[in-house]
Amino acid sequence: SVDGHGINCPDMDQAVAGIIKKVMAGEPFTVFTLNLDHLVKLRRNASFRNAYANAGIVTADGTPVAWLARTQNPTIERTTGADLIIPLADAAAHARLPVFLFGTSAQVMASAGRDLSDRTDGLIDIAGTLAPSAQFDPEGAEADAAIETIRKSGAKLVFVALGAPKQEIFAERARAAGLACGFICIGAALDFIAGTQVRAPE
């Protein structure tokens, strides 16, 4: 627990394995990566806190959070959304699990989709993509319409790239609506893959 928020997954391998296991079990669930930005926003956003309270998998994202968590459990390793997307896409491809890309822009998702296909030898099944409007409200009518689009796509994994706290609040709304798939909140990971944003150096 860091600042009262629990981390229940210690590393990348267990995150990927846990996600695939939950998908195979038909569970609706969310995956969040706790970082310092989240900790600040959690203090003043009740919807964000509710989303975290119902999260299925939470990893330590960011060196300070991972360091604080390791004072309680030395097995904790930093596991970010940006690092998670490629191994998870590969695991989904080999398990024949269709994925959906939600967030950022249509151009970024098209580019990222091609890259994910190349990295998985064309095995990944992208069931659909959807770029929300600039006025997207994760608790509004557009969010409800997006949930129905994802439901109809048959996707089992949804990469949500909206930034915090929108992505987590939307993911929790979709989970509560009973969509039998996993919502993986990945921030700017698709933009990093597409090359439209540059990730900070190690």
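This is a predicted model: local features need pLDDT of at least 70, side-chain atom pairs count only at pLDDT 80 or more; totals for chains, interfaces and linings use all residues.
Reader: Nice. What volume does the largest pocket have?

Author: The volume comes to about 490 Å³.

Reader: And which helices each supply at least two residues of the lining?

Author: Helix 2 and helix 5 (81-94) each do that. The largest share, three residues, is from helix 5.

Reader: How does the lining divide into nonpolar, polar and charged?

Author: Eight of the lining residues are nonpolar, nine are polar and six are charged.

Reader: Switching to helix 4, which of its residues are buried?

Author: Helix 4 spans residues 63-70, and its buried residues are Val65, Ala66 and Ala69. They sit on the same side of the helix, because they cover an arc of only 100 degrees around the axis.

Reader: Why would residues three or four places apart point the same way?

Author: An α-helix has 3.6 residues a turn, so residues with that spacing face the same way.

Reader: Good. And what covers the buried residues of helix 4?

Author: The cover includes strand 1 (29-34), helix 2 (36-42) and strand 2 (57-60).

Reader: What about histidine 5, where does it lie?

Author: Histidine 5 is in the segment before helix 1 (12-24).

Reader: Is histidine 5 buried or exposed?

Author: Histidine 5 counts as buried, because its relative accessibility is 15% and the cut-off for buried is under 20%.

Reader: Last topic, aromatics. How many aromatic pairs does a search of the whole structure find?

Author: The search finds six aromatic pairs.

Reader: Where do phenylalanine 48 and tyrosine 52 sit, and how are they separated?

Author: Both are in helix 3 (residues 46-53), and because they are four residues apart, about one helical turn separates them. Phenylalanine 48 and tyrosine 52 are both buried.

Reader: Which residues form an aromatic cluster?

Author: Phe102, Phe136, Phe170 and Phe183 form one.

Reader: Great, thanks!

Definitions and conventions
Residues are numbered from 1 along each chain as its sequence is written. Side-chain values use heavy atoms; hydrogens and water are left out. Buried means under 20% relative accessible area, exposed over 50%, partly exposed in between (1.4 Å probe, protein chains only). The arc is that of the directions from the helix axis to the C-beta atoms. Contact means heavy atoms within 4.5 Å. On a 1 Å grid over the protein atoms alone, a cavity is a set of points where a 1.4 Å probe fits but cannot get out, and a pocket is an open set with protein on both sides within 12 Å along at least five of seven lines; lining residues have an atom within 4 Å of a point. Grid points are joined across faces, edges and corners, and a volume is the space filled by probe spheres set on the points. Ala, Val, Leu, Ile, Met, Phe, Trp, Tyr, Cys and Pro count as nonpolar, Asp, Glu, Lys and Arg as charged, and the others, Gly among them, as polar. Rings of Phe, Tyr and Trp (its six-membered ring) pair if their centres lie within 6.5 Å; planes under 30 degrees apart count as stacked, over 60 as edge-to-face and the rest as tilted.
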